[in-house]
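This report looks at charged side chains and at one pair of strands. Please keep the sequence and the structure in view while reading.

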Amino acid sequence: MISSVLMVCERCGDTVERRGHFQRYCLACSGLAKWEARVRYRRKLRRMALEAYGARCACCGIDQYEFLTFDHVNGGGTEHRRELSNGGAVALVQWIITNHFPATIQVLCYNCNQARSAHGTCPHVGEVPRE
């Protein structure tokens with residue numbers, strides 16, 4: 001008879017059968033921990049790319065990370081994202097880093113980026129950026 005070894009999940013506290021020597025989480029929490037690690041890694045990459053471009057909207061000067069986006073200076077962002085492997089924001093950030101932060105990309109806040117996309121220019125053009 002093979003005896004099973006029980007362990008307590010470090011995240012939720014459930015007692016489950018240990019599947020491996022280094023196991024720290026139950027099966028449900030193990031997937032959650034991996035997902036959280038991926039999120040942290042993606043945020044780190046995004047922050048690195050934003051900081052390389054000054055971490056500030058090139059149009060209005062806002063510097064809140066939550067509002068900042070990457071913009072293709074000469075347009076064509078949709079086509080470029082389609083060309084990338086999975087077409088998502090992570091693929092674009094990885095491309096930016098791999099290509100050493102090209103000058104064809106700039107940082108804009110979401111509002112300026114959407115205005116530029118919808119109207120061809122941002123209402124802030126010609127205004128002095130905020131300090």
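A residue is called buried if its relative accessible area is under 20%, exposed if over 50%, and partly exposed in between (1.4 Å probe, protein chains only). The model is predicted, so local features need pLDDT of at least 70 and side-chain atom pairs count only at pLDDT 80 or more, while totals for chains, interfaces and linings use all residues. Residues are numbered from 1 along each chain as its sequence is written, and side-chain values use heavy atoms, without hydrogens and water.

**Salt bridges**

Side chains of opposite charge can pair when their charged atoms come close. A salt bridge here is a side-chain nitrogen of Lys or Arg within 4 Å of a carboxyl oxygen of Asp or Glu. By this rule the count comes to four.

| Glu-36 | Arg-11 | 2.9 Å |

Helices (H or I, at least four residues) and strands (E, at least two) are DSSP runs, numbered from the N terminus. Glu-36 forms a salt bridge with Arg-11. Glu-36 lies in helix H1 and Arg-11 in the loop between E1 and E2, so this pair ties together parts that are 25 residues apart in sequence. Glu-36 is partly exposed at 24% relative accessibility, and Arg-11 is partly exposed at 35%.

Is Asp-71 buried or exposed? Asp-71 is buried, with a relative accessible area of 7%, whereas Arg-116 is partly exposed at 25%.

Glu-10 is exposed at 52% relative accessibility, and Arg-24 is partly exposed at 45%.

**Strands E3 and E4**

Strand E3 (residues 68–72) is joined to E4 by five bridges, and the two run antiparallel. Strands pair if DSSP finds at least two bridges between them. Thr-69 stands opposite Leu-108 in E4.

Five of the five residues of strand E4 (residues 105–109) are buried, so E4 is largely enclosed by the rest of the structure. Both faces of E4 are covered: one side carries Ile-105, Val-107 and Cys-109, the other Gln-106 and Leu-108, and all are buried.
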